[in-house]
2 protein chains.
Amino acid sequence: MNFLEERILRDGQVFGNDILKVDSFLNHQLDPSLLSQIGEAFHERFKDCGITKILTIEASGIAIACFAAMKFNVPVVFAKKARSNNLGTDVYQTMVHSFTYGRDYMVTVSRKYISPEDKILIVDDFMANGLAMEGLIDLCHQGGATVEGIGICIEKGFQAGGKLLREKGYRVESLAIVEEMGENGIRFREQAS
Amino acid sequence: MNFLEERILRDGQVFGNDILKVDSFLNHQLDPSLLSQIGEAFHERFKDCGITKILTIEASGIAIACFAAMKFNVPVVFAKKARSNNLGTDVYQTMVHSFTYGRDYMVTVSRKYISPEDKILIVDDFMANGLAMEGLIDLCHQGGATVEGIGICIEKGFQAGGKLLREKGYRVESLAIVEEMGENGIRFREQAS
């Protein structure tokens, strides 16, 4: 069991069979020591890919991306969910459906920050159905960039996102994959460490 | 002139007399070297205050807070703007008016992460009228915490926020204070470095 799986078991809270709250360390309050380890783990896995940029989506992905960026020493770009007056019209956009909020939302990134020379690592805190990741991949392709990989902190392995993305040929590295959870606790997928 | 003022002059874009775009390095694309310097600058100014926690507001404040947290080695808490299904009801909330978006929005933080023992440093990328900072101060006070200081990357010195907060007795440290801007460029307030 790795450092993140251990922390999830210690401080995560399970509600029903689907909701895992990790807001004490990952996406509301943030533990900088843990996030530094997460950044290091992504760097260890993708350091030979020539990553030029880390792409994520606001809001909780930003922290993950920042700690990863420190290890890779490359810029972060975070895609925006809200309509911003300041981004202008020279943007790439894609529509993403959120099951959590039960609605579609537009995701936007300035054209200036994704280019054909970029080899991009996409990161986020959670992946379930993978629709946000599909949106970020679409933004990369609109800009002609290469998606070198996807780094996820916690994947819900019982939802389809990870499987679909891997079948499409993307390299998805999830530090913790929850196979099932419920009253009896959390069971993680066995992974080579 | 300090490192941030130099970077603003080099890469910032001024529109009219009020809009300063710094999205190539501070709040859309993020330069990790610059943000590391920003974190170090805040640490240098507030290192003797016994800071226990860094509070910010999503989304662009999160990056600033993360890089500061690395230097202080304390947790970050970021207040949420969207209604999240996952935060529960045990929260502190306050209403903030956004001039940028022309509407009021609710800012929420879980009660678990602000306590009377906390000595809090509030950080953000921009301050203009200071209403978001007033909201974060309100959340701290609801939790009984002490606001040790406010660290801002870019203050619009021609708007009232900084003056009002300093008059109320808060220690506001802005790394760059824009006194005026327009066709003739940007003039910064002289500060002891």
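Leaving aside its neighbours within four places in sequence, which residues is Leu4(B) in contact with? In this predicted model, local features need pLDDT of at least 70, side-chain atom pairs count only at pLDDT 80 or more, and totals for chains, interfaces and linings use all residues. Residues are numbered from 1 along each chain as its sequence is written, chains are lettered from A and ligands numbered from 1 in the order in which they are written, and side-chain values use heavy atoms, with hydrogens and water left out.

**Nonpolar cores**

Contact here means heavy atoms within 4.5 Å, and by that rule Leu4(B) is in contact with Phe25(B), Leu34(B), Ile38(B), Cys153(B), Ile154(B), Leu175(B) and Ala176(B), once neighbours within four places in sequence are set aside. Leu4(B) is also named, together with Leu4(A), Ile54(A) and Ile54(B), among the residues with the most contacts inside the largest nonpolar core, which has 78 residues. Apart from that core lies another, of 27 residues, including Tyr92(A), Val109(A), Ile114(A) and Ile122(A). A nonpolar core is a set of buried Ala, Val, Leu, Ile, Met, Phe, Trp, Tyr and Cys residues joined through side-chain atoms within 4.5 Å, where buried means under 20% relative accessible area, exposed over 50%, and partly exposed in between, with a 1.4 Å probe and protein chains only. In soluble globular proteins, nonpolar side chains tend to be buried together.

**Helix packing in chain A**

Helices (DSSP runs of H or I, at least four residues) and strands (runs of E, at least two) are numbered from the N terminus. The axes, which are lines fitted to C-alpha atoms, for helices over the stretch in contact, with angles from 0 to 180 degrees between N-to-C directions, come within 10 Å and cross at roughly 145° for helix α1 (residues 3-11) and helix α2 (residues 32-46) of chain A. On the side of α1(A) this contact is made by Phe3(A), Leu4(A) and Arg7(A), and on the side of α2(A) by Leu34(A), Gln37(A), Ile38(A) and Ala41(A).

Helix α2(A) also packs with helix α3 (residues 61-72) of chain A, at an angle of about 55° and with the axes 8 Å apart. That angle makes α2(A) oblique to α3(A); angles under 35 degrees count as roughly parallel, over 145 as roughly antiparallel, 65 to 115 as roughly perpendicular and the rest as oblique. Among the residues making this contact are Pro32(A), Leu35(A) and Phe46(A) of α2(A), and Ala63(A), Phe67(A) and Phe72(A) of α3(A).

**Backbone features in both chains**

Most residues other than glycine have a negative phi, and most peptide bonds are trans.

Ala59(A) is placed in the loop between β4 (53-57) and α3 of chain A, and Ala59(B) is found in the loop between β4 (53-57) and α3 (61-72) of chain B. Asn73(A) lies in the loop between α3 and β5 (76-79) of chain A and counts as exposed, at 54% relative accessibility. Asn73(B), in the loop between α3 and β5 (76-79) of chain B, is exposed with a relative accessible area of 55%.
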